[in-house]
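This report goes through one protein model with its ligand. It takes the domains, the ligand site and then the backbone.

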Amino acid sequence: MTQQSQWQKHFVHAGNGGADQLEAALLKSAQVIKSVFEQVDKPYSGMDPLELKAKIEAINMQGGDALDKVIEETGELIGLNSIIVQHPHCIAHLHTQPLMPSLAAEVFISVLNQSMDSWDQASAATYVEQRMVDWLCELYNFGEHSDGVFTAGGTQSNQMGLIIARDWIADTLSGHNIQQDGLPDYGRKLRIICSQKSHFTVQKTAALMGLGMRAVVCVESRANGTMITEKLEETIDALKADGLIPFVVVGTAGTTDHGAIDDLNAIADIAAKNAMWFHVDAAYGGALIMSSEKARLAGLERADSLTVDFHKLYWQPISCGGFLLKNKANFKYLLHHADYLNREEDTLPNLVDKTMATTKRFDALKLLMTMQNIGPDVMGEMYDHLLQQTRDVAAMVDANENYELLSEPNLSTVLFRFNNGKLADVDAMNKKLRLQALVQGVAVLGETTVNGQTSLKFTLLNPCLTLNHFEELLDNLTKLADSLA
Ligand SMILES: Cc1ncc(COP(=O)(O)O)c(C=O)c1O
């Protein structure tokens, strides 16, 4: 047997029988995953983290194991000791259980392995992504000059919005080309404005952009997590009076902890008055556009750039994000022609013209297949249900004498803590409770800080849960807390 014929079985081939090995591997994987889900009854197995680490370090990586065995062992060690996002008591983060059509799509995405940078690597895929982007521009009422791309997630989308805004301001103020010449001499005066509750990727992006985290000025938020827009005006005026250049304001539609949706119309007015770029981070709340509460996003359509994140409330597998631009001409700030990839004279579209990434996954397919199979109306009904259930759960927590509700819910998070009135150190107890609940496999809970107090957090993303699941969860937590006290 030649080496080539031995290697054949490791790949899919065009032609008759070329995908037989794939079919077998997928069937085996499906059986093993099915068995994992039939066995799991906790959000985490409860295996000691050090034991898990040691077992993973001991995995043979020298080859030679049959693929069936590898798949079985993956189920046994990795599957069974994963964080089970489908479990009702896995409720910490914006970390979702993926929808069925998106899982089917993942097989096509991986096996076809289209790379979205150029048409000659992504023929049908390029048109699918563009179709989904056009659909999103319409869904968010972004207007006829808008366009967008799929991204790796909210972080990358926020980076794109802020980088384009930075290059736009230098171009607008002085015709300076940051792409070519780097930061202008007034670069140290540039300021990004967001709220205290904006996502930390704003600060991280400022650092990456060469402006530094100190270039980010945070406007005070209300107790419910929304930006105090009167303070936004004051902040901009004060910065200008100091000779600084506030050039972009970031509004948030769904802050990570409070789920707070800023008054986007008020921010849009202030941005327009001050000739600033308006970026909206709707990574969390953007999905509300399909719900009956979509009016809460009013003003979002006035953004110059928009972050949406499909691996959150759109229930897509990681990774899957989106970035929209009101005026597609501004993609010029990311454009670079490479002789081997996207020549200036190309007539077929190369999506790399609009991206920060080069090689890029065909994630648009999962959103397309989701919309074909489930569609915006049913998704909207599921969001309506989640929003109502979050209010019901918050009321349940509030009514429980062992717990303290720390903030009224806005979207689908509940901020609360264990406090039965008998604790010497409530913060320490809640930190311990979160960690022990995780490692013992009782519940995967969020932990954050609300008004200086340690808070636990439920992030409701699973529309299939009932209030009984939450009653049981609170009971289990109370028992655990009592045992830890
Ligand atoms: C409001 C907000 N923006 C941006 C992000 C970053 O998104 P990603 O994790 O997809 O990069 C998050 C993540 O939770 C978020 O909550």
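## Domain interface

In this predicted model, 25 residues of domain 1 are in contact with 22 residues of domain 2 (contact means heavy atoms within 4.5 Å). Domain 1 spans 107–374, and domain 2 spans 376–484; these bounds come from an automatic or database domain assignment. The domain centres, taken over C-alpha atoms, are 31 Å apart.

The size of an interface is often given as the accessible area lost when the parts come together. Here domain 1 and domain 2 bury about 2,100 Å² between them. Carbon and sulfur atoms carry 59% of that area. D257, W315 and I374 supply 31% of the area that domain 1 buries against domain 2, more than any other three residues. Buried area is the accessible area (1.4 Å probe) that two parts lose on being put together, summed over both.

## Basis of the model

Residues are numbered from 1 along each chain as its sequence is written, and side-chain values use heavy atoms, with hydrogens and water left out. Because the model is predicted, local features need pLDDT of at least 70 and side-chain atom pairs count only at pLDDT 80 or more, while totals for chains, interfaces and linings use all residues.

## Ligand site

The ligand is surrounded by 13 residues (near means a heavy atom within 4 Å). T155, T256, D281, D309 and H311 are the closest. The shell holds 2 nonpolar, 8 polar and 3 charged residues. Asp, Glu, Lys and Arg count as charged; Ala, Val, Leu, Ile, Met, Phe, Trp, Tyr, Cys and Pro as nonpolar; the others, Gly among them, as polar. Helix α7 (residues 154–174) gives the most to this shell, with 3 residues. Helices (H or I, at least four residues) and strands (E, at least two) are DSSP runs, numbered from the N terminus.

## Backbone features

Most residues other than glycine have a negative phi, and most peptide bonds are trans. N141 is not a glycine, yet its phi is positive, about 55 degrees. N141 sits in the loop between α6 (123–139) and β1 (147–151).

A cis peptide bond joins I318 and S319, with omega about 0 degrees. S319 belongs to the loop between β6 (305–309) and β7 (321–325).
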